[in-house]
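The sequence and the structure come first.

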There are 2 protein chains.
Amino acid sequence: MKLKQIDNGFQLIQDAQILLSHTRENPAFFVGIGRENIVAYRGNFDIQDHLIERIPLTHYQLSDDHITLSYRQDTPPLLTLMFSLSNDHHLTLSIKNNKSELNRFWIRINAIEVEKVWGCGEQMSYFNLRGKHFPLWTSEPGVGRDKTTEMTFLSDKYNKAGGDYYNSNYPQPTFVSSRHYACHVNSSAYADFDFRNATYHELQIWEIPESIEFFIAPTFLSLIERLSLRFGRQPKLPEWIYNGIILGLKGGEENSFSRLEHTVNSGVPVAGLWCEDWAGIRETSFGKRLFWDWKWSKKRYPNLDQKIKLLKENNIRFLAYISPYLCEDGELFTIAKAKSLFALNSKKDVALIDFGEFNCGVLDFTNQATKEWFKKEIIHKNMLDLGISGWMADFGEYLPTEDLFLANGMSSTIMHNAWPPLWASVNAEAIAERGLTGEIMFFMRSGFTGTQKYCPMLWAGDQCVDFSRHDGLNTVICGALSSGLLGNAYHHSDIGGYTSLFGNRRTKEVFERWVDMAAFTPMMRTHECNRPDENFQFDHDATTITHLARMVKIYKHLTPYLKYLSNEAHTKGYPIQRALFLHFENDFNTYDIQDQYLYGSELLVAPVHQQAVQEWKVYLPADETWIYIWDKKEIQGGQAIIVPAPIGKPPLFYRKNSQWAELFDGITNIQ
Amino acid sequence: MKLKQIDNGFQLIQDAQILLSHTRENPAFFVGIGRENIVAYRGNFDIQDHLIERIPLTHYQLSDDHITLSYRQDTPPLLTLMFSLSNDHHLTLSIKNNKSELNRFWIRINAIEVEKVWGCGEQMSYFNLRGKHFPLWTSEPGVGRDKTTEMTFLSDKYNKAGGDYYNSNYPQPTFVSSRHYACHVNSSAYADFDFRNATYHELQIWEIPESIEFFIAPTFLSLIERLSLRFGRQPKLPEWIYNGIILGLKGGEENSFSRLEHTVNSGVPVAGLWCEDWAGIRETSFGKRLFWDWKWSKKRYPNLDQKIKLLKENNIRFLAYISPYLCEDGELFTIAKAKSLFALNSKKDVALIDFGEFNCGVLDFTNQATKEWFKKEIIHKNMLDLGISGWMADFGEYLPTEDLFLANGMSSTIMHNAWPPLWASVNAEAIAERGLTGEIMFFMRSGFTGTQKYCPMLWAGDQCVDFSRHDGLNTVICGALSSGLLGNAYHHSDIGGYTSLFGNRRTKEVFERWVDMAAFTPMMRTHECNRPDENFQFDHDATTITHLARMVKIYKHLTPYLKYLSNEAHTKGYPIQRALFLHFENDFNTYDIQDQYLYGSELLVAPVHQQAVQEWKVYLPADETWIYIWDKKEIQGGQAIIVPAPIGKPPLFYRKNSQWAELFDGITNIQ
């Protein structure tokens with residue numbers, strides 16, 4: 001990469017490619033002033049901007065080590081840019097704002113017509129981002145996420161929760177281009193990355209960002225490696241994960257443990273029992289909700305301490321649930337309030353958030369005392385000391401922008417996106433302080449830049465319990481592929497989906513198709529969904545539990561391979577689930593595929609994600625001979641083929657000359 | 001009004017009020033560059049802007065007769081403003097653009113917290129515009145117009161036609177403020193008037209407008225008078241209108257004329273028979289559509305020439321229907337194409353628009369030859385010579401912005417909003433050239449600045465056949481009041497509404513409530529709606545036709561009063577249907593009322609616009625004693641009262657000492 005002076009401007013050049021081009025006529029930088037209006041409702045945000053100024057920085061002045069930019073030659077510079085090349089593949093463009101009122105920034109990155117762009121965190125609807133713009137703001141992901149569906153309409157109407165294609169628990173201002181570069185913006189402000197233009201990508205940030213980084217690499221894999229080094233790598237998977245599935249059950253002690261026993265007796269290998277309701281429950285119109293007071297509920301789980309010990313003796317771990325909030329009617333709230341651990345409102349009271357018929361205080365993790373208290377009193381004492389081996393570290397997306405004051409003095413609007421990794425860090429540090437990193441495992445749906453460093457496992461959030469295009473099974477694949485490019489090696493989802501509303505109910509078919517996919521992800525975990533009684537569950541019929549047992553055995557059978565991948569993730573940052581183009585750069589047909597993935601480099605998985613299908617179309621990348629697992633036939637890559645699609649035989653292929661061929665062949669022997 | 005220099009800026013002052021205030025810190029003017037993306041689908045437009053620059057014009061320089069504005073003191077001025085006061089109540093701010101690339105303009109008009117704002121053309125959802133922004137772009141008005149309704153959702157999903165609160169056939173960049181001034185922007189570009197801010201109104205225009213006008217007056221009535229003088233006044237109503245109702249029937253000759261006969265025999269006074277299908281029909285999935293080849297269909301109306309003569313002898317006029325388009329499969333299309341009368345696309349072919357399963361050519365009225373041809377060949381020969389006395393001059397909102405070239409060389413994006421008055425002018429001129437102004441009457445839904453001058457009668461467009469808040473009966477009142485403030489004296493609507501889709505069907509109740517309102521509008525006219533066979537019609541049962549007869553008799557009974565109002569409209573520009581505050585300035589309670597109106601100055605009408613109600617709440621303005629028509633009781637104004645709400649007795653009140661009291665009293669004698 002190098003900075004080159006041209007007529008009337010300058011360019012950032014990599015080989016023959018122009019990444020950035022700034023001239024008086026076509027400036028790459030704009031600054032401005034805007035007044036945003038952000039209205040929050042239960043994690044859904046209506047965000048509008050009133051833009052007051054947008055000034056093209058048409059004039060530039062090049063000095064030895066910096067560039068100043070202004071509107072006109074004779075006006076004082078508004079921005080100072082410093083380009084620093086830390087090595088030949090990593091350039092940082094530091095930005096100094098010389099006018100404090102400025103709070104809007106736009107940069108145009110050069111683009112070419114055929115270019116593809118991926119990333120922007122965990123994107124659920126579109127893997128290739130070209131042709132759309134992506135607001136980047138952590139929030140509820142939406143229910144339906146498609147304004148043409150009844151589900152989205154009703155969710156919007158009754159809960160302001162329908163969402164759209166870009167809503168995500170985990171956005172990140174980072175993208176990867178098919179031109180073998182990545183670009184990252186160092187800012188947690190609201191951003192909107194616009195990939196709709198033929199000749200440029202325009203990144204909008206609601207502050208003047210500290211810096212923008214460019215990464216280049218000769219191959220996509222090495223680019224991913226560099227990004228994962230930049231953002232932080234996850235530990236290896238805990239050994240106990242490989243034992244089988246994690247069963248999500250939340251019916252209280254008797255119910256959960258007896259169902260676990262039945263499941264084990266039915267031949268399903270179980271690695272963990274996950275009881276979200278370990279701290280108790282409450283009833284709301286959305287269904288049963290958890291009681292957000294993070295300690296063992298002796299009422300709901302009278303013998304939990306003993307039960308956890310017994311489980312562990314049988315190689316089954318116990319997992320729990322927490323969020324970064326405490327409900328107003330819980331005991332811990334009173335303690336935390338007395339210790340001034342909450343964020344405050346303008347009346348100096350605890351800032352409360354409505355989570356759907358109950359209010360919670362926002363633990364202020366910008367206050368070191370809050371972090372320490374949460375780690376010690378909740379994670380250490382209430383959880384690890386009880387023998388808990390993992391948990392869902394839920395939420396993190398709700399930080400309000402209005403009337404909320406933080407200990408670090410920063411605006412909550414700027415801290416909103418920073419909250420998920422901050423929340424992840426509380427969990428990761430608590431585990432690390434006990435020396436249990438890589439042994440205790442939590443999983444999160446919310447994320448942002450930095451999540452990679454702290455969060456050992458992503459979970460895809462709350463899909464609808466269906467096959468819908470923008471909120472069903474297939475979106476989980478898109479989420480894994482996009483987040484995987486940015487250094488998140490581990491991804492999984494609620495088997496069967498989560499959200500059952502407005503008459504949408506999980507069917508046996510949805511559940512079984514989801515199992516077929518989950519066997520080829522780093523972690524299998526069920527969830528009863530938000531309305532357990534009205535939705536299909538894994539133990540509702542004998543054929544399903546038999547099917548589940550077989551698929552978990554396949555997952556377990558692949559342990560040596562998964563361990564190898566986990567090691568690779570740890571040392572190189574490669575994701576377990578990979579976009580096809582990561583290994584098939586020369587096959588452009590793979591660049592847009594978002595419903596298939598490579599599981600490691602060797603296995604290709606094409607989950608069936610539609611209702612009532614008998615066969616399934618799969619694209620096999622070129623320059624490889626593929627073995628179709630279920631009949632061992634060889635198929636030449638570079639073509640789309642059709643295979644049968646019975647439940648229990650997900651379209652699955654391996655590379656003919658794979659060193660893992662024998663292991664893969666063993667899959668068909670599993671009953 | 002005067003321009004006053006202040007520290008670091010200038011102000012436009014009227015009495016003690018600041019209308020415009022420009023300082024370096026808080027500039028009132030901004031200019032910029034944007035690239036719009038406008039996607040049209042059957043009259044519905046998806047409009048997005050990519051804003052590239054927005055420059056605050058912080059620096060100003062005052063000269064004797066002009067002001068120059070620029071971003072910085074030392075840069076060349078971007079705009080030159082010339083303030084010219086044509087008299088003490090009318091100021092024109094002419095604007096000269098000194099940089100041709102600029103295509104965005106913003107002006108901030110001072111505002112105060114308690115201020116109300118009305119106008120912006122014919123607004124169907126909100127009369128007081130404060131608290132919302134109003135994109136101004138003539139289009140289909142939307143079906144449902146409320147994103148929380150099933151109707152809007154389905155219309156959006158299947159036809160991209162749901163619309164929103166601001167969609168209107170007739171927008172206009174003019175508003176009236178409760179501070180006794182009006183502001184008008186001379187531009188037909190897309191505009192967005194934003195009334196959401198406490199201290200300013202921000203008007204956005206997608207070009208640098210030629211000028212902005214301010215009008216002031218001591219009273220609202222005199223302000224309206226001045227506006228109507230500025231935009232042009234309509235002729236008086238034709239005498240024949242007072243004869244009764246205009247019946248909309250479109251079943252072909254036999255059907256239409258026999259139903260007319262039945263109606264007349266049932267005692268309904270009829271002024272006109274309106275057969276939209278006089279030129280023939282076609283079938284589409286939306287229902288029967290008209291055949292857009294504007295000449296007598298001898299197939300559908302074999303004896304129309306004779307029938308029209310017979311009707312006229314019986315004091316009944318015949319009305320027809322035209323639009324500014326010709327269908328591709330019609331005879332006139334071929335002729336107009338040969339004469340090069342159509343707008344062209346980039347291939348120099350006729351630019352076609354999809355109107356819903358049929359394509360039409362856009363007659364290019366910027367070509368004087370097209371106007372002359374249409375006036376002579378269609379309006380004169382095919383219509384007036386046949387004895388037609390009036391027509392619906394439909395559409396005018398569809399001018400595409402892409403791939404359409406006009407004879408006057410102007411961009412179709414700029415001409416889009418200018419199209420409705422251009423279309424109106426073709427009709428008005430054709431009539432004037434025969435000396436028939438005020439005798440022949442056409443009515444239009446589309447409009448823009450200038451419509452006042454040419455269009456003798458507005459019609460409220462296509463409501464749903466229901467009582468819905470944003471697309472039902474009550475929206476017609478809002479449309480009449482808002483357009484009335486800008487000099488459109490005459491307004492009426494399809495009795496019973498028009499749009500029946502997705503299971504929404506017109507009921508007897510909807511029809512009868514609509515009749516109750518229409519009797520107190522300048523023209524009564526029925527419409528069979530888009531699906532006549534599936535919806536309630538006026539002659540579907542005996543009680544309805546009896547009710548209709550009585551209400552039309554009431555309309556007729558008021559002829560002397562309506563003639564007086566029509567004369568007042570002609571000489572002073574007062575609308576027939578008036579916002580309450582026009583006559584009750586001191587009663588601030590009236591400023592937000594949009595579902596009641598004064599019919600002239602003397603009658604107050606509060607149409608019932610909800611389903612299954614037994615009584616109705618009415619606000620009576622202060623400082624007046626009101627007589628409730630149906631029992632003649634006196635009620636003091638300045639309060640809301642509840643009256644019974646049976647069908648046939650719409651809440652109706654007159655001023656106690658009205659010189660028309662005797663006439664009004666006569667209403668109760670009509671059987």
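Between domain 1 of chain A and domain 2 of chain A, seven residue pairs are in polar contact, both residues being at pLDDT 80 or more. A polar contact is a pair of N or O atoms within 3.5 Å; within protein, one must be able to donate a hydrogen and the other to accept it, and residues adjacent in sequence count only if both atoms are side-chain atoms. The model is predicted, so local features need pLDDT of at least 70 and side-chain atom pairs count only at pLDDT 80 or more, while totals for chains, interfaces and linings use all residues. Residues are numbered from 1 along each chain as its sequence is written, chains are lettered from A and ligands numbered from 1 in the order in which they are written, and side-chain values use heavy atoms, with hydrogens and water left out.

**The two domains of chain A**

Domain 1 of chain A covers 2-231 and domain 2 covers 581-669; such bounds come from an automatic or database domain assignment. The centres of the two domains, taken over C-alpha atoms, are 35 Å apart. Domain 1 of chain A brings 13 residues to the contact and domain 2 of chain A brings eight residues, where contact means heavy atoms within 4.5 Å. On the domain 1 side, helix α2 (residues 220-231) of chain A gives the largest share, three residues; helices (H or I, at least four residues) and strands (E, at least two) are DSSP runs, numbered from the N terminus.

One salt bridge crosses this domain interface, a salt bridge being a side-chain nitrogen of Lys or Arg within 4 Å of a carboxyl oxygen of Asp or Glu. The side chains of A:K116 and A:D592 form a salt bridge of 2.5 Å, N to O.

**The two chains**

Chain A and chain B touch through 25 residues of chain A and 25 residues of chain B. There are zero salt bridges between chain A and chain B, but 13 residue pairs are in polar contact (both at pLDDT 80 or more). On the chain A side, β5 (44-56), α1 (150-159) and β16 (200-205) are the elements that give two or more residues. Of these, β5(A) gives the most, with eight residues.

The table sets out the buried area of both interfaces, that is, the accessible area (1.4 Å probe) that two parts lose on being put together, summed over both.

| Interface | Buried area | Share on carbon and sulfur atoms |
|---|---|---|
| Domain 1 of chain A and domain 2 of chain A | about 950 Å² | 62% |
| Chain A and chain B | about 2,200 Å² | 51% |

Of the area that chain A buries against chain B, A:H50, A:Y71 and A:F153 supply 24%, more than any other three residues.

**Single residues**

B:S177 belongs to strand β13 (residues 171-177) of chain B. Its relative accessible area is 0%, so B:S177 is buried; buried means under 20% relative accessible area, exposed over 50%, and partly exposed in between (1.4 Å probe, protein chains only). The side chain of B:S177 makes a polar contact of 2.6 Å with that of B:E115. A polar atom of the B:S177 side chain also lies 2.8 Å from the backbone nitrogen of B:R179.

Most residues other than glycine have a negative phi. A:D623, not a glycine, has a positive phi of about 60°. A:D623 sits in the loop between β33 (615-620) and β34 (625-628) of chain A and is exposed at 73% relative accessibility. In chain B, B:D623 has a positive phi of about 60° and is exposed at 74%.
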